[in-house]
Number of protein chains: 2
Amino acid sequence: MGSEVFVAGVGMTAFGRSNQSLAELMAQAATKAFFDAGVRGVDYVLIGVMNVEEFTGESNVAALIADRLGLAGVPSARVETASSTGSAVFESAFYAVASGYHRNVLVIAGEKMTHLTTARTTRILAEVIERNERIHGASMPALAAMITQKYQYEAGLSSERMQSILAKVAIKNHYNGSLNPYAQFRKLVSEADYFGSKWVSFPLRTYDCAPITDGAVALVLTSEKKLIRVSGLGHATDTLAVRHRDSLTSFRSTRLAAQQAYSMARVNPPDISLAEVHDAFTTFEIIGTEDLGFFPAKQGWKAVEGGITSIKGKLPINPSGGLKARGHPVGASGLAQIVDMVWQLRGEVGNSRQVPGARIGLTQNIGGLANNNLVTIIERTDRFRPIPVYWKSLFDPGNTEPLVTSDPVQSSMEGTLETFTILYATPEGIPSPLTLGLVRTKDGRMILARGRDGNFVIGQEVQVEKEGDLFYMRGPSEKPPKRE
Amino acid sequence: MGSEVFVAGVGMTAFGRSNQSLAELMAQAATKAFFDAGVRGVDYVLIGVMNVEEFTGESNVAALIADRLGLAGVPSARVETASSTGSAVFESAFYAVASGYHRNVLVIAGEKMTHLTTARTTRILAEVIERNERIHGASMPALAAMITQKYQYEAGLSSERMQSILAKVAIKNHYNGSLNPYAQFRKLVSEADYFGSKWVSFPLRTYDCAPITDGAVALVLTSEKKLIRVSGLGHATDTLAVRHRDSLTSFRSTRLAAQQAYSMARVNPPDISLAEVHDAFTTFEIIGTEDLGFFPAKQGWKAVEGGITSIKGKLPINPSGGLKARGHPVGASGLAQIVDMVWQLRGEVGNSRQVPGARIGLTQNIGGLANNNLVTIIERTDRFRPIPVYWKSLFDPGNTEPLVTSDPVQSSMEGTLETFTILYATPEGIPSPLTLGLVRTKDGRMILARGRDGNFVIGQEVQVEKEGDLFYMRGPSEKPPKRE
């Protein structure tokens with residue numbers, strides 16, 4: 001392996017709604033990171049931004065930002081992996097330093113989103129979804145809601161208990177965010193606030209979903225020895241379509257990335273002091289803590305109920321407030337997780353959200369609907385390092401191939417409802433509310449379908465019909481609509 | 001430095017207008033590269049595409065392509081630097097292998113453009129241009145045309161001679177393309193064809209500009225020893241705005257990138273057997289050969305007239321046909337240059353465009369209007385390598401800082417016309433034709449202005465007025481328009 005890689009300096013803008021341009025936000029974060037690092041220059045600039053073209057109408061962003069920083073001449077490139085861009089650009093910078101060809105690499109990640117309407121932003125963000133699922137009207141919250149319903153079903157929880165668990169995740173992260181001066185939301189959220197918030201896509205409410213945010217983050221990686229070392233990196237993709245996966249309630253991309261990162265860092269899950277876990281939706285934080293090996297499958301919710309993941313708990317999760325409360329400028333979030341972890345490990349947080357004695361930190365970042373995930377482990381270099389012991393892997397490869405992944409061509413067929421949601425905040429051009437369900441057909445295919453009127457229950461038999469590119473499902477009690 | 005890096009295999013689709021999707025084109029190129037490399041798997045996939053969101057309406061392209069290739073699970077990221085994306089993604093893959101963390105990295109670059117109208121494509125491509133220059137109506141051909149006029153002026157050439165030189169570049173590259181089965185244009189172009197073609201932006205005609213193209217290219221880099229080794233990489237940015245540069249007729253980004261690549265490869269310009277030079281516009285090929293140190297400044301045109309850059313000449317330039325004849329799928333072109341160079345160095349071209357005995361090849365790729373350029377050097381590992389000798393650098397740093405880079409705030413001022421063009425193929429929403437000029441004001445600022453009616457000559461005094469965000473210029477013979 002090449003050179004060791006260290007973090008020389010970090011910087012972040014306040015997250016939230018900003019009147020500054022993306023270039024201004026990035027310049028502000030970079031200036032802070034330069035100041036913190038105490039370096040005079042860098043030999044490579046890597047920019048992470050998810051969808052600068054459609055959000056801002058500018059392309060050629062790598063040259064634009066280098067020029068804006070007064071670094072015209074220095075090589076610059078943009079890296080992108082949808083909502084895990086912040087971690088992916090960090091990974092690219094790691095390789096550039098580890099290769100020995102670069103000494104100091106400036107990494108900047110950011111996104112400018114709040115100037116567009118929510119419907120338009122939802123439409124742009126939905127471009128990450130596999131085409132067939134997208135044209136049915138599936139948005140990110142709709143897919144996350146279906147995953148939530150399936151998790152509740154598999155974990156054997158009542159609807160009331162599931163919602164109380166999700167509320168606890170939201171309340172915890174908003175509490176942490178209230179202590180973070182960089183967070184978009186700094187108000188405490190009560191149970192009453194949570195249950196009073198609107199449905200986005202049943203059973204997810206506004207307080208289950210990360211907000212739309214402007215913000216930028218910067219970090220300087222170096223080959224020179226510093227307090228914080230990058231010790232583990234993992235990265236894995238999954239099928240673009242959610243319906244092509246073997247499990248809806250565990251993300252293989254997180255499991256694979258975690259396995260690589262633990263192996264490279266030579267640590268096990270119990271060695272991790274604290275973690276930032278991609279909580280674009282509250283359910284994803286729970287699934288993340290299971291996929292990372294912190295808790296057994298379908299038992300992560302117990303850690304939430306038991307307060308284990310609270311800031312004073314045994315394993316603090318999202319002490320920054322997470323994407324939920326700090327905000328989610330899509331291309332920036334992964335790097336924001338890492339920068340906040342640097343502050344935690346250095347002991348620089350400065351108030352009660354500081355986790356005392358933090359030594360090894362892990363961040364997990366999701367790209368798209370969990371099809372391009374990264375896990376990053378950083379650690380203090382001045383502490384005693386445990387001798388790695390054999391750790392019984394939670395990663396049973398098992399049957400990781402879906403049975404049948406192509407969509408069926410028949411015009412009518414029967415199947416079982418695997419999960420469903422009622423989407424209230426529909427993408428541009430689709431009337432609200434919209435029922436969406438994942439149906440396992442008799443021949444083993446999984447399809448996404450729009451629901452006709454009717455009450456749907458997981459496990460129930462449904463009838464599916466194809467009309468043009470779209471599938472529609474009907475429950476057993478419902479009669480076929482009259483044709484005119 | 002880390003591991004040495006070799007090319008294991010390459011593949012390319014035919015370039016031109018295609019009915020296949022971007023994913024299909026990329027899969028086709030990747031399959032060929034896998035077959036050529038003889039590898040069973042790769043541990044990292046890097047995707048180069050310039051503007052997939054606006055051209056195709058899809059984002060999350062790294063996960064999409066990995067899934068399409070049956071590689072769900074393998075880490076994947078997208079790299080982008082505008083029109084030099086193909087080289088930048090190659091550079092990222094180089095670092096990943098050189099770092100020792102990856103053994104076989106699949107690089108795929110492509111673009112799907114021809115399904116949109118030319119005006120819409122021109123509008124999307126113009127997003128690379130600095131905002132102030134863009135809102136005046138400057139397109140890429142308009143800026144290239146102004147650079148051409150200035151080159152002619154500085155080289156002391158008549159308009160007729162300049163056009164005859166540009167014609168020779170176009171005719172040469174179309175001749176080379178006629179021998180390349182992957183090229184978009186395989187017909188010979190005559191002097192009559194050239195002079196019969198339409199003005200795009202005076203003095204550039206259709207045959208001076210690279211076409212709109214669909215296509216994809218793939219390559220596998222490996223740490224295992226193979227015939228072709230990657231020996232030099234260089235990469236540099238420049239100011240986003242053309243008017244902020246110290247020279248219009250030499251690209252500092254190419255000079256800096258070349259310097260790094262020669263230094264890393266420990267070779268000098270005379271050691272290069274052949275080169276692929278970014279000829280998005282015929283003038284850029286001539287400027288490129290000067291900036292790369294092949295010919296002295298403002299003398300590259302002599303090499304064209306003397307046939308030195310022809311396929312049978314002493315230094316063949318663009319034996320593939322270049323962007324001009326092979327076509328220019330913007331995100332793919334840089335990697336296409338490298339893949340064609342691999343075929344040349346392996347001696348696999350198979351017809352009269354094979355350059356005999358080629359040992360060291362160089363490719364130069366321009367991002368945006370020459371503000372993110374890369375130079376790549378690859379070589380055969382089985383040949384005698386010359387002992388590096390001191391080579392008198394052509395790169396005199398000189399005064400590389402522009403005098404004043406901010407735009408003036410006065411509403412009216414005088415200046416000297418540095419260069420101008422008449423743009424016929426205007427971007428969406430701007431009437432044709434449009435006169436554009438670069439004006440050096442009395443206080444040393446350079447501004448881009450739209451021309452009122454009148455005849456403009458380089459070196460002439462002009463009057464500039466500001467209206468809103470736009471500048472307008474008038475020649476001395478012209479009276480101010482009456483205001484109502």
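A: A cavity is a set of points, on a 1 Å grid over the protein atoms alone, where a 1.4 Å probe fits but cannot get out; its lining residues have an atom within 4 Å of a point. Grid points are joined across faces, edges and corners, and a volume is the space filled by probe spheres set on the points. The model is predicted, so local features need pLDDT of at least 70 and side-chain atom pairs count only at pLDDT 80 or more, while totals for chains, interfaces and linings use all residues. Residues are numbered from 1 along each chain as its sequence is written, chains are lettered from A and ligands numbered from 1 in the order in which they are written, and side-chain values use heavy atoms, with hydrogens and water left out.

The largest cavity holds about 60 Å³ of space. Its lining consists of Tyr44(A), Leu46(A), Ser92(A) and Tyr95(A), together with Tyr44(B), Leu46(B), Ser92(B) and Tyr95(B). The elements giving two or more residues to this lining are strand 2 (44-48) and helix 4 (85-98) of chain A, and strand 2 (44-48) and helix 4 (85-98) of chain B. Here helices (H or I, at least four residues) and strands (E, at least two) are DSSP runs, numbered from the N terminus. Sorted by class, the lining of the largest cavity has six nonpolar, two polar and no charged residues. In this sorting Ala, Val, Leu, Ile, Met, Phe, Trp, Tyr, Cys and Pro count as nonpolar, Asp, Glu, Lys and Arg as charged, and the others, Gly among them, as polar.

The relation between the two chains comes next. Two copies of a chain are related by a rotation about an axis and a shift along it. In this model, a rotation of 180° with 0.0 Å of shift along its axis superposes chain B on chain A, with an RMSD of 0.0 Å. This is the relation of a two-fold axis. The superposition is by least squares on the C-alpha atoms of residues with pLDDT of at least 70 in both copies. Among the residues of chain B, Ser99(B) comes closest to the rotation axis, its C-alpha lying at 1.8 Å. Both copies use the same surface, since 100% of the contact residues of chain B recur in chain A. Contact means heavy atoms within 4.5 Å.

Some lining residues also take part in aromatic pairs. The search of the whole structure gives 20 such pairs over all chains. Rings of Phe, Tyr and Trp (its six-membered ring) pair if their centres lie within 6.5 Å; planes under 30 degrees apart count as stacked, over 60 as edge-to-face and the rest as tilted. One pair, Tyr194(A) and Phe195(A), has ring centres 5.0 Å apart and planes at 85°, so the pair is edge-to-face. Tyr194(A) is buried, at 0% relative accessible area, whereas Phe195(A), at 33%, counts as partly exposed. The rings of Phe94(B) and Tyr95(B) have centres 5.9 Å apart and planes at 75°, so this pair is edge-to-face. Phe94(B) is buried at 1% relative accessibility, and Tyr95(B) is buried at 5%. Buried means under 20% relative accessible area, exposed over 50%, and partly exposed in between (1.4 Å probe, protein chains only). Ring pairs link Tyr44(A), Tyr101(A), Phe94(B) and Tyr95(B) into a cluster.

The lining residue Tyr44(A) is also touched by Ser76(A). Ser76(A) belongs to strand 3 (residues 76-80) of chain A and is buried, at 0% relative accessibility. Leaving aside residues up to four places away in sequence, the contacts of Ser76(A) include Ala62(A), Ala66(A), Thr81(B) and His235(B). Ala62(A) and Ala66(A) are among the buried residues of helix 3 of chain A. Six of the eight residues of helix 3 (residues 61-68) are buried, so this helix is largely enclosed by the rest of the structure.

Note on methods
1 Å grid on protein atoms, 1.4 Å probe; cavity = no way out; pocket = protein on both sides within 12 Å on 5 of 7 lines; lining within 4 Å.
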